[in-house]
Each structure stands twice: as C-alpha cells, then as structure tokens.
Amino acid sequence: MYAYDQFDRALVHQRVAQFRDQVSRRLSGRLSEEQFRPLRLMNGLYLQLHAYMLRVAIPYGTLSARQLRGLAGIARRFDRGYGHFTTRQNIQYNWIALEDAPDALAALAEVDMHAIQTSGNCIRNVTSDPFAGVAADEVEDARVWAEIVRQWSTLHPEFSFLPRKFKIAVSAAADDRAALRIHDIGLRLFRNDDNEAGFEVMAGGGLGRTPRLARTIRDFLPTAELLPYLESVLRVYNQHGRRDNIYKARIKILVDALGVEAFRDEVEADYAAGRCDAFALPAEEERRIRAMFAPPAYPALPAETPRDRAADPAFDDWVKANVVPHRVVGYAIAVISLKPVGGIPGDASADQMDAVADLAERYSFGEIRVTHTQNLILPHVAQRDLYALWQALTAHGLASANYGRASDIIACPGLDYCSLANARSIPVAQRIAERLAAGGREREAGTLGIKISGCINACGHHHVGDIGLLGVEKNGAEAYQMTLGGDAGDRAALGAIVGRAFSAEEVTDAVETVIDVYLARRVNGERLAETVRRIGLGPFKERLYGTDEGGKDRP
Amino acid sequence: MSEAATLKAITANRLTDGAVVYLADGGAWRETLRGCRLAQSAEECAAMEEVARWAASSNLVVGPYAIDVTMDDAGAARPASLREAIRIEGPTVRPDLGRAEG
Amino acid sequence: MALMKAGRIVPDPWVRVADADALPDDGQPALVGLARWRAERETLERHNGPLGILLRADEPPSPIADALDRFDLVALDFPRFNDGRAYSSARILRTRLGFTGELRAVGDVLRDQIPFMLRCGFDSFEVADPDAADAWAGTSEIGVAYQAAADARTPVAALRHAASRTPLPPAGEHRPLRRPVAAPVPAARPCCAGDWAY
C-alpha cells in the first residue's frame with residue numbers, strides 16, 4: 001500500500017500548523033464563523049447535531065494496522081471511545097472539541113493521515129474497489145490510479161472552491177464494486193482491443209434530491225491522459241456549475257442541463273485548448289506508486305478448504321457469507337462485519353479497532369480495507385488461518401456472518417447524529433435486522449441490500465438498495481418511504497418508490513412483506529432488484545397496501 | 001398564558017467544544033434546559049434572540065436558534081420536537097452517551 | 001480597500017472607470033469592464049495610459065485573449081469568497097493565454113484564499129482589511145504542491161524524480177506553454193519567479 005514520503009508528510013504537518021493558526025484566530029474572534037466555516041470544512045470538521053464531527057480521510061479505504069491503531073487512539077483521546085465508518089470509506093468521530101481539533105489532526109499526521117477535503121466544495125476522498133489488488137477480475141490494482149488522483153486533487157488551487165462537493169471513484173475490475181455510476185466522476189480502468197490500458201470516463205452521477213446515474217463521456221482515455229482530462233472536466237464544472245442554488249449545484253445538474261453530448265463537447269474543447277500546466281506525471285512517479293501496490297510476498301500455499309467447517313456450523317456460516325475468493329491460491333478475503341444484529345451499523349469501538357489492527361498484523365500483512373458498505377476487510381488471509389481469525393473476531397463481536405445479506409444494512413447516522421436528518425435510521429436498521437435474522441428470512445434471501453437514509457441527501461445510498469428506505473417527516477412523526485429495485489453495481493439502477501411512507505411502527509413489517517413477495521416470486525436465485533425488473537412493483541404494492549395503487553397518504 | 005402560546009428557548013453550540021447549550025439568565029449558556037430562559041411572548045423571544053446573536057458575535061456560541069418547549073407534568077421544560085430531544089439527551093441508540101436530562 | 005502585493009500594502013494607481021464615465025485624460029491607468037471594452041474597443045485602445053480590464057465571475061477570459069498585449073492589468077472579481085470561477089480564469093490567462101501583466105483578485109478576497117490565488121497566477125489582491133498584510137506575513141503556508149498550476153512551484157512528483165524531466169506530449173493536441181517575457185511585476189513576488197516548471 002502507499003507509504004508517505006517526506007513530501008507527503010510535510011504537507012500534512014504544514015496543514016496542521018495552518019489549521020492550528022486558523023482555529024486560534026477563530027477562538028479569539030479574529031475570524032468570524034462565516035469566514036472560518038469553509039476553512040473548517042476543508043479540514044473535515046462539521047458542526048453537527050451534538051457537537052463537532054470530524055471526518056477523517058481513509059484514501060480509497062486502505063489502512064495499515066498502525067493507522068487503524070492511530071484511529072483507535074483518536075477515539076479514546078479526543079472522542080468517546082468509538083468511530084463510525086462511512087459509505088465513502090472514511091471514518092467519523094462525533095464528539096470532537098474545536099479546541100482539540102488541531103491536536104487530533106496532529107495525532108493523525110503522526111500516522112500519515114489527515115482530514116483534508118473530506119468536506120467542503122472541493123474534490124473529496126477518492127474511493128475505490130475494496131477488493132482492489134486481491135480480486136481475480138481486475139486489470140490492475142485500481143488504487144494506483146486512486147492514489148495518483150488523490151495527490152493531484154489535494155489542495156488543488158484551481159478547484160478548491162467548486163460550486164459543490166465532488167466525488168471521484170476508481171475501479172479496475174469487471175465487476176463494479178466501487179459504485180462508479182453514482183459518482184460525479186467514475187473511472188473504469190480496462191484494456192482495449194490493442195491491449196492498451198485506459199479509462200472509461202463517466203460523469204454526472206449522484207444521489208440526493210435529484211438522483212442520477214453517471215453517463216459515459218469518454219469511451220477510452222489512455223491512462224497517460226487521465227490528469228489533464230480530469231482537469232478539463234473539473235474546469236468546465238467550475239466555470240459552468242450553478243452557484244445560485246446549492247440544491248442544483250452538482251455536476252449531475254450541469255450534465256442534465258447541457259445534455260451529455262454538449263457537456264462532453266465542452267470538456268473536449270477545453271482539453272483540446274491545451275494544458276494549463278507544463279507538467280506531465282513522470283513515468284517514474286507512476287512506477288513508484290505502482291510499486292507500492294505490489295502484492296505482498298505471499299508464501300506459496302495450497303488451496304485449502306478451511307477445516308472445522310463441518311464441526312462448527314457457526315464458522316461454516318461465516319465462511320459461506322463473509323469469505324470471498326482471493327486471486328492467489330491458498331488465500332482468502334475476509335469481511336469483518338460491523339453490522340452485528342441489533343448493533344449500530346458501521347460503528348467500531350476503539351478496542352475493536354485495536355483488535356482488528358492486531359489481527360491484520362497477524363493474518364493480513366498488516367493491511368485493512370474499509371468498504372463503502374461500512375464494513376472492514378482483511379484482504380490477505382491464508383485459508384488455513386481463517387478458523388483462528390474467526391475465533392478471534394467472535395471474541396470481539398466482529399464475526400457476524402452477514403456480509404451482503406439482509407442484516408448487512410447500510411444506514412447513515414440519521415437523526416440520532418445528523419442535523420440534516422428528518423428521521424432516525426439506526427433504530428430502523430436494528431429492528432429490521434433483528435426481525436430478518438430471527439425468522440430465518442435472512443438466510444433464505446441470500447444476497448440482499450437494504451439501505452437506509454435519514455434524509456434526502458441519501459448518505460445511506462437508499463436509491464441504490466434492493467430495498468431502500470428514506471426517512472421523512474409526516475405530521476410531526478418519523479416515517480419511511482420505500483423504494484425497490486435499486487442497484488449500485490454494473491447494472492446500476494435507481495429504485496422506484498412503492499407508495500405512501502410507512503410509520504416507524506409499520507416499516508419492519510413492510511420490509512418483511514417485501515422479502516416474502518421476493519422469496520415467493522424469485523427465479524434462478526435472482527437478486528431482488530432483478531425480480532423487481534422482471535415482475536414490476538405491482539405484486540409488492542398489492543401485498544403492502546392491499547392495492548396496486550400504492551395506497552394513499554393518510555391525512 | 002393562553003394554551004395556544006408556545007414556550008420558546010434559545011439553543012446553540014458552544015464554540016470551543018461544540019456542546020449543545022441553552023440560554024439562561026444573565027446571558028449565561030448551560031447544558032441543560034432546567035432553569036434556562038423561556039420566552040412566553042414573541043417580544044421576549046426576540047429579546048432572547050438578540051442576546052444570542054451578541055453571544056455568537058462575541059465568539060461564545062455558534063448558530064443560535066429558537067426551539068419550541070413544553071412543560072411536562074413535573075413542571076420541567078422539555079423540547080417539543082424529537083430532533084431537539086435527541087440533541088439534549090444524546091443519540092437514542094447510545095443511552096450510555098447521553099445526558100441524564102429530566 | 002487596500003491593494004496588497006508581495007505581502008505589502010501598496011498604493012493603487014489604477015482608476016476604476018464606470019461604463020458611463022470618461023476615461024482619465026492624464027495618462028492614468030484606467031480599469032474598464034468587459035462590456036465597455038467590447039463596445040468601445042477602438043477608442044479604448046487609443047487611451048494614452050495603461051489599460052486594465054475587469055472581468056466578472058461569469059465572464060471567461062476568451063473574449064480578451066486576442067488583446068492581452070494591450071492590458072497591463074487584468075482584474076478578476078470574486079463576488080463571494082467561495083465563488084471559485086476566477087481561479088480557472090486566472091490559470092487560463094497565465095498559462096494557456098500567456099498573460100504577463102498584473103493579475104489582480106478583487107471583490108470578496110479573504111486572506112486564507114490568497115495561497116490558492118497565488119498558485120493560480122494572481123499577483124495582487126484588493127483586500128478589505130489593511131491589516132491583512134500583517135496577517136499575511138504570519139500566514140503559515142503549505143510549501144508542498146502536488147500539482148502544477150500557474151506559479152513556478154515545482155510539483156512534488158517532479159521533485160521526487162529530479163534527475164528526469166518528462167517532456168510534454170508532442171505539439172498537436174497540446175500546445176507547449178510560451179515562456180513569458182520579463183514581467184513588469186515587483187521583484188519580491190512570492191512563488192512567481194517568472195520561470196515555468198517543466
């Protein structure tokens with residue numbers, strides 16, 4: 001994985017000094033809140049429902065054991081002993097004091113981490129495939145390019161005051177595990193018929209009030225042209241994105257307004273007008289970064305069926321659900337679920353973080369990944385170590401055998417934590433997980449994505465869940481609007497609303513009902529989204545509302 | 001006071017640590033609704049908001065705003081909305097982290 | 001309003017001329033808007049003093065690209081400090097269009113944006129607070145630049161591999177940058193030594 005050199009370190013330490021000065025000027029009143037706010041946001045510090053929330057960047061979701069221990073230390077020293085892993089592969093702390101923030105950032109800098117550009121109208125954390133480097137279906141490790149884009153986008157002087165936030169995702173696999181189509185820019189690395197490496201460039205994706213799937217603006221962009229081409233996309237957005245209405249300011253709105261062909265023409269025109277810098281990424285730099293993502297020196301091992309599966313049904317369950325085939329014979333990808341049934345999705349205590357760091361060192365060459373589904377991954381586990389790993393995870397409450405299943409719910413923090421929310425999402429996730437796990441439906445349903453957002457900003461990605469729930473306020477009470485048929489991967493699709501919203505009391509039953517219909521109607525083990533595509537919403541509406549009209553909203 | 005009138009309190013976040021606070025007498029800010037200033041009229045609320053604005057520009061608090069408050073049977077002030085109740089008591093899913101607010 | 005250059009408050013010789021007003025007739029530097037330039041270009045070009053042009057945030061630099069030699073000053077407006085359009089205009093003016101005169105940030109210019117502005121090629125700043133110059137002297141700046149911009153700072157990737165200089169792609173789609181002629185700017189201009197990073 002990428003390791004900082006003197007330049008990377010200098011930047012994060014200088015940034016800490018700069019922010020320390022800015023905080024000092026704010027506390028003494030030399031900076032007003034209005035002036036300080038964008039500076040605070042560009043260092044990932046939000047003023048939230050309970051206190052200041054700090055969002056720390058985990059570049060493309062990759063962490064070393066030392067860094068994960070550093071995150072545990074932040075939780076203990078500056079927060080309340082836990083952190084929350086997000087749908088953008090970052091981590092959030094909810095109780096940071098402003099006067100402590102410079103020290104917290106200094107502690108992060110000590111482990112080569114930062115909170116730069118995790119908020120604000122700038123280019124955010126570049127996300128990627130959580131299985132990069134270890135999945136069988138990739139062209140090369142997508143994180144090479146994620147790291148190149150990360151450095152290029154960090155404190156970019158031209159693009160630090162965009163109309164709105166900007167999110168880039170990179171994948172290099174046949175199977176899109178990075179949700180490229182719901183990003184402002186999605187980059188899919190592949191090899192063309194001449195075996196040249198290049199990107200399909202997609203632009204204008206995003207969720208929220210006006211969800212859109214990204215459109216392809218370049219079928220094939222040679223890798224050497226990536227940075228100058230990105231500059232042209234960002235420049236067109238910077239110049240033409242709306243600045244009069246924050247709800248209409250994302251690049252997806254611009255692509256809609258111009259039409260994808262006209263948008264593409266603008267980008268290509270800027271690109272053809274010539275570089276705005278006299279600098280091309282040296283080949284040596286690409287090689288240097290690529291070398292850092294070279295696979296670990298795996299000891300050669302034979303393929304192995306993990307022992308003890310027959311003897312231990314719980315371990316067998318876990319292997320079936322949470323262990324994913326690895327590129328290298330004898331190894332496996334182990335998913336550490338942060339979704340214990342009845343627990344808080346995506347949260348981990350400082351003790352759990354330390355435990356995972358230890359396990360990473362023992363079993364995974366010291367490397368951990370964060371997924372955008374709010375789970376952790378140990379990417380390099382020898383199959384013969386899986387049983388011992390599972391036992392250790394069990395001791396720390398980290399062995400839920402539910403990866404990708406109904407109780408592996410993506411939930412934003414919701415009204416329990418977030419001042420933007422209309423409704424709580426975590427208790428809804430808890431009740432649903434408990435119901436589905438208890439009744440055996442989870443096991444029967446198999447892979448199923450339930451995604452819950454507490455408000456229209458859709459941080460829970462509800463639009464792209466098989467079952468999506470959107471928290472709304474109805475007559476002063478929390479209610480949940482359900483969508484069905486969403487998908488974040490290669491067959492990306494936005495879910496459709498089924499009908500009137502459900503109360504907090506009704507929503508668990510409603511989800512169970514949907515799954516019952518799915519189980520009754522699915523063929524050939526298809527996903528729920530495929531069933532919806534095939535049979536439409538009618539059968540679901542009938543069971544939910546007793547009519548295929550979707551019910552009327554109660555007064 | 002007529003039954004239709006709504007009581008209002010002023011809440012904000014403390015600048016230094018972001019803690020949720022409520023305007024009390026004498027321009028003080030406290031982490032509890034108990035004993036905080038309650039406005040019974042629009043004029044009173046406006047006066048409190050002015051005090052709050054002064055506190056914001058004096059770098060004591062950030063983002064003050066008025067909230068609806070009701071009196072419970074024991075005569076203690078409670079926020080009227082779920083959102084404000086969560087702000088005062090902490091996340092409903094982590095009762096160990098909240099304040100024991102009555 | 002005070003004019004800041006190279007970290008110091010300096011007198012501003014420029015006269016901002018409203019569209020309806022006459023230009024100063026004593027050779028003073030005159031700053032006009034784009035609409036006026038378009039309407040009265042021939043007259044303005046005969047002005048017997050330095051000429052400057054002020055672009056609003058929604059006015060890209062392309063309409064003045066063919067006349068840049070005539071301007072000693074291009075001023076770019078920031079209607080709000082977080083309206084970042086002028087950063088693109090500045091960078092285009094300096095790099096693609098080769099403007100070598102004074103490039104000034106006006107409007108809602110806050111001291112914490114100045115490092116970004118410098119990197120995009122601005123070399124003077126109209127600031128509301130004359131004390132900003134003192135504040136700027138104490139600004140701890142980020143000395144590391146990951147990407148090339150419009151200043152002379154060498155990007156980190158080039159520093160890492162100092163022995164090699166990657167040539168630009170061949171001319172065709174990508175025009176090489178013009179080297180600037182000696183620029184009439186204060187000598188002690190931070191970060192813009194007049195040399196381009198290759």
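Residues are numbered from 1 along each chain as its sequence is written, while chains are lettered from A and ligands numbered from 1 in the order in which they are written. Since the model is predicted, local features need pLDDT of at least 70 and side-chain atom pairs count only at pLDDT 80 or more, whereas totals for chains, interfaces and linings use all residues.

Along the sequence they come in the pattern β-β-β-α-β-β-α. The radius of gyration of chain B, taken over C-alpha atoms, is 13 Å, close to the 13 Å that the globule rule (2.2 Å times the number of residues to the power 0.38) gives for 102 residues, so chain B is as compact as a globular protein of that length. Its C-alpha atoms fill a box of roughly 40 × 35 × 20 Å along the principal axes. Of the 102 residues in chain B, 31% are buried; a residue counts as buried if 20 or more other C-beta atoms lie within 10 Å of its own, exposed if 12 or fewer, and partly exposed in between, with C-beta atoms placed from the backbone.

Both chain B and chain C touch chain A. Two residues are in contact if their C-beta atoms, placed from the backbone, lie within 7 Å. On that basis, 19 residues of chain B are in contact with 19 residues of chain A. On the chain B side, β4 (61-71) and α2 (82-89) are the elements giving two or more residues, and the largest share, 4 residues, comes from α2(B). That side has 9 nonpolar, 7 polar and 3 charged residues. Here Ala, Val, Leu, Ile, Met, Phe, Trp, Tyr, Cys and Pro count as nonpolar, Asp, Glu, Lys and Arg as charged, and the others, Gly among them, as polar.

For chain C, 42 residues are in contact with 42 residues of chain A. At least two residues each come from α2 (85-96), α3 (114-119) and α5 (156-160) of chain C, with α2(C) giving the largest share, 7 residues. By class, the chain C side divides into 22 nonpolar, 11 polar and 9 charged residues.

Chain C also carries an open sheet of 8 strands in the order β2-β1-β8-β7-β6-β5-β4-β3, with mixed pairing (two strands pair if DSSP finds at least two bridges between them). Its edge strands, each pairing on one side only, are β2 (8-10) and β3 (15-16) of chain C. Within the sheet, β4 (residues 30-33) and β5 (residues 51-55) of chain C pair in the parallel sense over 4 bridges, and C:Leu31 stands opposite C:Gly52 in β5(C). Helix α1 (residues 34-45) of chain C lies across β4 and β5 of chain C, at about 125 degrees to β4(C); axes are lines fitted to C-alpha atoms, for helices over the stretch in contact, and angles run from 0 to 180 degrees between N-to-C directions.

Chain A has an open, antiparallel sheet of its own, with 5 strands in the order β1-β2-β5-β4-β13. Here β1 and β13 (347-349) of chain A are the edge strands. Strand β2 (residues 52-56) of chain A has 5 of its 5 residues buried, so it is largely enclosed by the rest of the structure. A:Tyr52, A:Leu54 and A:Val56 point one way from β2(A), and A:Met53 and A:Arg55 the other way. On one pairing, β1 (residues 45-47) of chain A and β2(A) are antiparallel over 3 bridges, forming a hairpin with 4 residues between them. A:Tyr46 stands opposite A:Met53, and A:Leu45 has A:Leu54 as its bridge partner. β2(A) also pairs with β5 (residues 91-96) of chain A in the antiparallel sense over 4 bridges, where A:Arg55 is partnered by A:Gln92.
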